[in-house]
Protein chains: 2
Amino acid sequence: MDLAGKEQAISPDMAGDDHDSIRAIQWLENRLCLLDQRCLPFEERYQYPADAAAAAGAIRDMVVRGAPAIGIAAAYAVVLAARGRYAQSPHGWRGLLAEDIRVLAAARPTAVNLSWALRRMERRSATIAGDPVGELLEEARRIHTEDLAANRRMGEHGAGLIRAGDSVLTHCNTGSLATGGYGTALGVIRSAWRAGKLNRVFAGETRPWLQGARLTAWELTRDRIPVTLITDNAAAYLMQTQQVQWVIVGADRVTANGDVINKIGTYNLAINCRHHGVGFMVVAPCSTLDFTLDDGQAVEIEQRAADEVLNLAGRRIAADGATAWNPAFDITPSRLVDYLVTENGVIQAPDTQQLATLKPPSL
Amino acid sequence: MDLAGKEQAISPDMAGDDHDSIRAIQWLENRLCLLDQRCLPFEERYQYPADAAAAAGAIRDMVVRGAPAIGIAAAYAVVLAARGRYAQSPHGWRGLLAEDIRVLAAARPTAVNLSWALRRMERRSATIAGDPVGELLEEARRIHTEDLAANRRMGEHGAGLIRAGDSVLTHCNTGSLATGGYGTALGVIRSAWRAGKLNRVFAGETRPWLQGARLTAWELTRDRIPVTLITDNAAAYLMQTQQVQWVIVGADRVTANGDVINKIGTYNLAINCRHHGVGFMVVAPCSTLDFTLDDGQAVEIEQRAADEVLNLAGRRIAADGATAWNPAFDITPSRLVDYLVTENGVIQAPDTQQLATLKPPSL
């Protein structure tokens, strides 16, 4: 598929008008600008982290979230950090920057894109003589642009699997807000919608953080794609009543055997898809692949605060005295995955052998 | 099992101290007193519906909810209604009361206990000469007491299936708040806890109405049974990590073949139990059995307002422009049910033939 012409039109600063108008991460006037996703859908507030520690805080506190978006934000944060460190020590900046990169890498443990982007920025920085800002900014922009281009390509690949008239359910937010733009699973939905193939788009609300209700519904509505929310509880009954033919999700990490680590609830949907014969499609750029881990059981699953479950939008919902177990992600074994869609191609029923054929992400 | 001794101690007005202190429905000073479950866990507010229309409103608006509790509340509402109608027309009260009963029956469509209790009250009223209040109150109290006794018996039956050290997950609220007292699935958990068998009790928060977070957590905490909440999304991962051996739920209706109509998300849990080899136990009194319907597909599934999904506790959570699909219940086919526990015995792998052996509820 020749997308060279389309790719020339892709810029992280310029959203298209084809159901793709949102950018969560921008480099504006020499600053990193993050759309604060904790305030959506009610308020569009922006944050401008000044250094690596502030950017790490923004990642940890979910100002920016979504595996590819975290990687891109961290790449720009390295530019901020390098600017400060070079001003502080024109000769010793690289050692100081390495410390900043460690701080960024520790912000969230599960998504592999974060460490992938940081590794790429660190390698780039190793070869720079003099002021590193220009070259590192160029590298961060490249990571951003490549992500956007990958999303467009995944959108086309994934939409190619969908039959006209199909309806889809998605989980969490995997759109422009979670990536450099366009989205992974939501990019497939954008492409399929633009192609006129989709009957209905359902979004699971995705407790506890309500990425579906707050972010996906906001993003799709804004880009003129009608969306129907369901509680996460209703997914199995939605399938039983034959209202969807696909569940389409993103991934925070895909291990060498094709196991998928993604937002809590994904595994539940995969089991339900298999039970009902509904297609289960995972859409993830190659930067999400982790060939260093044999399978998903080796991945550290982030446990988040019980308060995310016990409260909602800052308001207590649970009885006093209750505790909560709040894993942020779960592990879907590859045998439940029907299709893994990457920018480098589609794999049906992924396994170690097939995954190895995917071009590893450039470093 | 001889529970006669225990049953003598059971009264709807008197909660025991064995992890069972809550009563959601009481007949107090000639009034029906309902604990307003919409205000829990933050406030214990009571409502006193004055007539059938007000009681129907309380059922529709979920002041009182839970299949057995709805039936009991409606039975007492018939007493209220009969008092008014007899005062209005000592000779024509029965015809007027029939109209009230129709209003009550229409309050919510899915739970069969409502129509079962109303039918029983109507039959009782047919044989009364003179002022019907005393005899109808006696009948309503009997329905209430029988429910409580049935719950105690189900508690013993269900707890007998649980091995020492097991952990359980429950869904929605099936406790004292949902019944005449003690509960169905939560009654089994109470009995197993009292017997020292349970390692941990998990409760799914149960979106959209959060019965798990608001009601079950309140009820268990208050009755000194520690509870850990999870989002409904986390159930599959809880099973994958082998943290529970049972999912125990109630039912709003069980059809002749053993299909279970229960709170949305139940079907999802049943599929996940089967996938993981976790036991799936349904606990329901015989008043929940509906031998008039061959299977679950014939049951009317209540669709509730989209606002329950789009808002939470009166506060908007979803993006403007989003719509929602909000079925209140789902249908679990009997082949996914490992045990159906009733007051008249336990059925393993329920089917039409086995269900027929259960004594039909007295009328």
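By what turn, and with what shift along the axis, can chain A be laid on chain B? In this predicted model, a turn of 180° with a shift of 0.0 Å along the axis brings chain A onto chain B at an RMSD of 0.0 Å, and the two copies are therefore related as by a two-fold rotation axis. Within chain A, the C-alpha nearest that axis belongs to A:Asp232, at 3.4 Å from it.

The copies meet through the same surface, because 100% of the interface residues of chain A are also interface residues in chain B. In this contact 59 residues of chain A face 59 residues of chain B, and the two chains bury about 4600 Å² between them, 61% of it on carbon and sulfur atoms. On the side of chain A, the residues that lose the most area to chain B are A:Asn233, A:Tyr237 and A:Trp325, which together account for 18% of what that side buries.

Polar interactions also cross the interface: 24 residue pairs are in polar contact, and there are 2 salt bridges, including one in which the side chains of A:Glu205 and B:Arg207 meet at 2.7 Å, N to O. Among the elements that each supply at least two residues to the side of chain A that touches chain B are α8 (211-222), α9 (235-240) and α10 (266-276), and α10(A) gives the most, with 6 residues. The residues of this side divide into 33 nonpolar, 17 polar and 9 charged.

Definitions and conventions: Residues are numbered from 1 along each chain as its sequence is written. Chains are lettered from A and ligands numbered from 1 in the order in which they are written. This is a predicted model: local features need pLDDT of at least 70, side-chain atom pairs count only at pLDDT 80 or more; totals for chains, interfaces and linings use all residues. Side-chain values use heavy atoms; hydrogens and water are left out. Copies are superposed by least squares on the C-alpha atoms of residues with pLDDT of at least 70 in both. Contact means heavy atoms within 4.5 Å. Buried area is the accessible area (1.4 Å probe) that two parts lose on being put together, summed over both. A salt bridge is a side-chain nitrogen of Lys or Arg within 4 Å of a carboxyl oxygen of Asp or Glu. A polar contact is a pair of N or O atoms within 3.5 Å; within protein, one must be able to donate a hydrogen and the other to accept it, and residues adjacent in sequence count only if both atoms are side-chain atoms. Helices (H or I, at least four residues) and strands (E, at least two) are DSSP runs, numbered from the N terminus. Ala, Val, Leu, Ile, Met, Phe, Trp, Tyr, Cys and Pro count as nonpolar, Asp, Glu, Lys and Arg as charged, and the others, Gly among them, as polar.
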